[in-house]
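Me: Please take a close look at one part of this structure. I would like a connected account of it, with the cut-offs given.

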Amino acid sequence: MNIKEYMQRLGVQARAASRLMAKADTNARNQVLLVIAGSIRRDKDTLLAANRADMETARAAGMDAAMLDRLALSEKSIATMAEGLEQIAQLPDPIGEITDLKYRPSGIQVGRMRVPLGVIGIIYEARPNVTVDAAGLCLKSGNACILRGGSEAIKCNQALAALVKAGLRAAGLPEAAVQVVETTDRAAVGELITMKNYVDVIVPRGGKGLIERISSEARIPVIKHLDGNCHVYVDDEADADKALSIVENSKTQRLGTCNTAESLLVARSVAAAMLPKLADMLIAGGVEIRGCDETRKLVPQARAATEEDYYTEYLAAIISVKVVAGLDEAIEHINKYSSQHTEAIVTENYTKARRFLREVDSSSVMVNASTRFADGFEYGLGAEIGISTDKIHARGPVGLEGLTSQKYVVLGDGQVRS
């Protein structure tokens, strides 16, 4: 296979499909999502079998636990994929919406209309649910997409791609609106991220190495986050029970996700009372604690934390812990060490909560809630195509609006400029 010719062909087909998708009506775009959702529920056994085959290959290749966790499907996660598509279908159609329409002194009206981005290239590792989430969001927002999943999920991705294509056919929409790259040759990625004539934006989802490579080599705008070094700060006015449950859920519910807490900060005035309880809970859950000197005095089992620990996204049963003077030092620490993904404060003080929301420079900031909520599905977006920590039009979980742009529209009645 000539990779360059193959990818160029996908690009040509995607560009043509994007023009048809941009003018497809809302009903057709919603209908295809519901058809695909029904097919996923109907064919769950086929999808689980394909996933098992991928998992066996991945284990034989020595894939680490975090990646295996991302690769695995269950009946529940398959149902969630279908539910995500159904939620997307129920969301308001953003395409064609005109906002901020205002009269100017000349008599014209000026506003902004929401429009699709065009063709979106999505490059991802492991998670086969990305195939469905990405297809659903791109179709609803009137875009076409080229999906390049990892070789470790090739069988499951191909099974999902077949369901998507069948759904597009049934709805009378172009099959090329969603194309899954069939080759596992890594050269395909190099082609995809440089096809400026055919692809409008790239969304990488995967490990830091993949995203760094895409960011440095792409000739197309990239929506991305590099890693998820998320923090929970337990304030001196925190409710102890809330702190325990929020820290436990943020860290231990799933270890291999980008919204898992990797760092815990505790206010000094409550550290003696609260940190040992928090530590006991984490240690009972199999989590290794790496802490500052004050932490180690209160938690003898803790290892000494290095400067690098405070920057690290572990994706493992490890958490860094630091005792801080209070809110000011917590905010300073977070803004220095975090990856600007998701941070949470546990406090009953409204003023402190408002300061934390305002001053912490991350894409999601939470009060008295687990960092695990930083997710498009949980935010009511139906699904997400990724999380952006860049300060561009899309920040945080990227749903429908993040896959659109706005153009200015002018409504006149014969006005000419003097």
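Reply: Ile98, Leu101 and Leu411 make a nonpolar surface patch of about 230 Å². Patch members have over 30% relative accessible area and no salt bridge, and nonpolar side chains (Val, Leu, Ile, Met, Phe, Trp, Tyr) are joined within 5 Å. A salt bridge is a side-chain nitrogen of Lys or Arg within 4 Å of a carboxyl oxygen of Asp or Glu. Areas are Shrake-Rupley values with a 1.4 Å probe. The model is predicted: local features need pLDDT of at least 70, side-chain atom pairs count only at pLDDT 80 or more, and totals for chains, interfaces and linings use all residues. Residues are numbered from 1 along each chain, and side-chain values use heavy atoms, without hydrogens and water.

Ile98 lies in strand 1, residues 98-103. Strands are DSSP runs of E, at least two residues; helices are runs of H or I, at least four. Ile98 has a relative accessible area of 40%, so it is partly exposed; buried means under 20%, exposed over 50%.

Now helix 5. Ile78, Met81, Ala82, Gly84, Leu85, Ile88 and Ala89 are buried there. They cover an arc of only 145° around the axis, so they share one side of helix 5. The arc uses directions from the axis to the C-beta atoms. Exposed Lys76 and Gln90 sit on the face turned away. The buried residues pack against helix 2 (26-42), helix 3 (44-60) and helix 6 (129-140); contact means heavy atoms within 4.5 Å.

Helix 6 is mostly covered, with eleven of its twelve residues buried. Among them are Asp133 and Lys140. Gly142 follows helix 6, with a positive phi near 75°.

Terms used. Buried means under 20% relative accessible area, exposed over 50%, partly exposed in between (1.4 Å probe, protein chains only). Patches are made of residues with over 30% relative accessible area and no salt bridge: like charges are joined within 9 Å, nonpolar side chains (Val, Leu, Ile, Met, Phe, Trp, Tyr) within 5 Å.
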